[in-house]
Amino acid sequence: MAIHEGSCHCGQVAYSVEADFTEAIQCNCSHCSRKGFLLAFVPPEKVTLKTPESAYRTYFFNKHKIEHRFCPSCGTEPFALGELPNGAKMMAINLRCVPDVDLAKIEIKQYDGANKL
């Protein structure tokens, strides 16, 4: 597996993630669609945060099950924390914040989050 570097726009929130990204979801919920996320899910142990928790803020909405982490300086949300439907912990990596991922080579799957919330 490859190691990728990700961050917010200004670099205040940074991480590395070990994964071979081949697909992502594009969700149509009010949050994801407004921000244009392309999300790939990885186990938390595959992510190394390079900045302390004090460097970012957390946003919750709807059922408050997902911890949306964003930079208070530039506003970018490079990742989120939550659980998969089976209860397994996960991190949702915003692939738009991982510069070395060629998004043209990623299979984009549509997710109808607007009607599942």
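Predicted model: local features only at pLDDT ≥ 70, side-chain atom pairs only at ≥ 80, totals over all residues.
Let me begin with Tyr59, which at 38% relative accessibility is partly exposed.

Tyr59 has a ring partner, Phe61. The two ring centres are 6.1 Å apart and the planes meet at 10°, so this pair is stacked; the cut-off for stacking is under 30 degrees.

That is one of three aromatic pairs in the structure. Another is formed by Tyr56 and Phe79, and here the geometry is edge-to-face, with 5.7 Å centre to centre and 80° between the planes. Where do Tyr56 and Phe79 sit in the chain? Tyr56 is in the loop between β5 (47–49) and β6 (57–59), while Phe79 belongs to strand β8, residues 79–83. The pair therefore ties together parts that are 23 residues apart in sequence.

Are these two residues buried or exposed? Tyr56 is buried, at 6% relative accessibility. Phe79 is buried as well, with a relative accessible area of 1%. Both values count as buried because the limit is under 20%. Tyr56 and Phe79 also belong to a cluster, joined by ring pairs, that includes Tyr15.

Now the charged side chains. How many salt bridges does the structure hold? There are six, and I will go through some of them.

Lys109 and Glu23 meet in a salt bridge at 3.3 Å, N to O. Lys109 lies in strand β10 (residues 107–111) and Glu23 in strand β3 (residues 23–27), so this contact ties together parts 86 residues apart in sequence. On accessibility, Lys109 is partly exposed at 35%, and Glu23 is partly exposed at 37%.

Next is Lys35 with Glu77, where the closest N and O atoms are 3.8 Å apart. This pair also links distant parts of the chain, 42 residues apart: Lys35 is in helix α1 (residues 30–35), and Glu77 is in the loop between β7 (67–70) and β8. The accessibility of the two partners is as follows. Lys35 is partly exposed, with a relative accessible area of 42%, whereas Glu77 is buried at 6%.

The last one I will show is Glu83 with Lys89, with the closest N and O atoms 3.1 Å apart. Glu83 is partly exposed at 48% relative accessibility. Lys89, at 56%, is exposed, because the limit for exposed is over 50%.

To go back over the contacts between separated segments: Tyr56 and Phe79 are 23 residues apart, Lys35 and Glu77 are 42 apart, and Lys109 and Glu23 are 86 apart.

How values were computed:
Residues numbered from 1 in each chain as written. Heavy atoms only, no water. Phe/Tyr/Trp six-rings, centres within 6.5 Å; stacked < 30°, edge-to-face > 60°. Helix = DSSP H or I, 4+ residues; strand = E, 2+ residues; numbered from the N terminus. Buried < 20%, exposed > 50% of the residue type's maximum accessible area, 1.4 Å probe, protein only. Salt bridge = Lys/Arg side-chain N within 4 Å of Asp/Glu carboxyl O.
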